[in-house]
Amino acid sequence: MGLRIGDIAPNFSVETTKGKIDFHDWIGDSWCFFFSHPADFTPVCTTEMGRTAQLAGEFDKRNTKPLGLSTDGVKEHLAWIEDVNDTQNTTLTFPIVADADTKIAQLFDMIHPNESDTAAVRSVFIIDPNKKIRLTMTYPMNVGRNFDEILRVIDALQAGDKNGIATPADWNVGDKVIIPPSVSNEDAAKKFPQGFDEIRPYLRFTTIG
Ligand code: BEZ
């Protein structure tokens with residue numbers, strides 16, 4: 001069975017393009033965006049690696065460390081990074097896990113045998129500082145991920161943790177948020193002195209700073 005939201009991410013020690021890491025120690029007090037790729041020197045993967053590198057400042061703002069994985073070795077990864085930097089006009093600084101034996105990909109259920117026995121699909125794990133898996137997404141090999149959505153969901157998770165709220169469809173920072181049904185109107189009035197709109201008893205919106 002695959003990993004699920006709420007599970008503690010399995011720990012591992014592995015070689016990366018930035019040296020050996022212990023996954024949990026490396027995450028430390030940060031959040032982690034752990035994402036897999038089928039192979040080095042492939043076009044969709046190259047654009048995704050480049051986009052992640054270009055967004056380094058955005059991940060930093062969210063206290064989130066990107067960690068890539070591709071089922072190749074350090075030597076191939078380092079050569080590929082040169083190409084990513086060159087073709088995507090960026091400087092990639094986050095580590096990429098070397099996983100030529102697919103050990104980590106299997107640990108995280110990133111190999112989907114009906115797609116490929118040897119290469120990972122495009123999995124995403126958002127992991128919080130307690131090492132808990134907070135989001136999983138899986139994309140097929142021929143579709144690049146939407147990095148606006150990855151940043152948006154980190155914002156939503158962090159806003160939820162900080163304010164005890166939920167976020168509606170297509171929410172972005174600055175939009176109204178939802179007061180969970182588990183909070184009574186009496187408690188909501190105390191918790192959200194800025195007030196709230198009650199559309200239905202189960203559908204209440206408020207604002208957060
Ligand atoms: C790519 O990154 O372009 C790719 C890799 C494996 C299969 C299909 C596409």
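Entry one, the ligand. I started with Val 44: one of its backbone N or O atoms lies 2.7 Å from an oxygen atom of the ligand. Keep in mind that this is a predicted model.

Next I checked Pro 43, where a backbone N or O atom is 3.3 Å from an oxygen atom of the ligand. Arg 122 uses its side chain instead: an N or O atom there is 3.0 Å from a ligand oxygen. I then looked up how much of the ligand is covered. On its own the ligand exposes 260 Å², and the protein buries 75% of that.

Entry two, the shell. Which residues surround the ligand? I wrote down Pro 38, Thr 42, Pro 43, Val 44, Cys 45, Arg 122 and Met 141. Sorted by class, that shell has five nonpolar residues, one polar and one charged. Arg counts as charged, so Arg 122 is the charged one in the shell.

I found an open sheet of three strands, in the order E8-E10-E9, with antiparallel pairing. Its edge strands are E8 (177-178) and E9 (197-200), and each of these pairs on one side only.

How many bridges join E9 to E10? I noted three, with the two strands running antiparallel and E10 covering residues 203-206.

Note on methods: Residues numbered from 1 in each chain as written. Predicted model: local features only at pLDDT ≥ 70, side-chain atom pairs only at ≥ 80, totals over all residues. Heavy atoms only, no water. Pairing = 2+ DSSP bridges. Helix = DSSP H or I, 4+ residues; strand = E, 2+ residues; numbered from the N terminus. Near = heavy atom within 4 Å. Polar contact = N/O pair within 3.5 Å; in protein donor to acceptor, adjacent residues only side chain to side chain. Areas by Shrake-Rupley, 256 points an atom, 1.4 Å probe, with all protein chains shown as cover.
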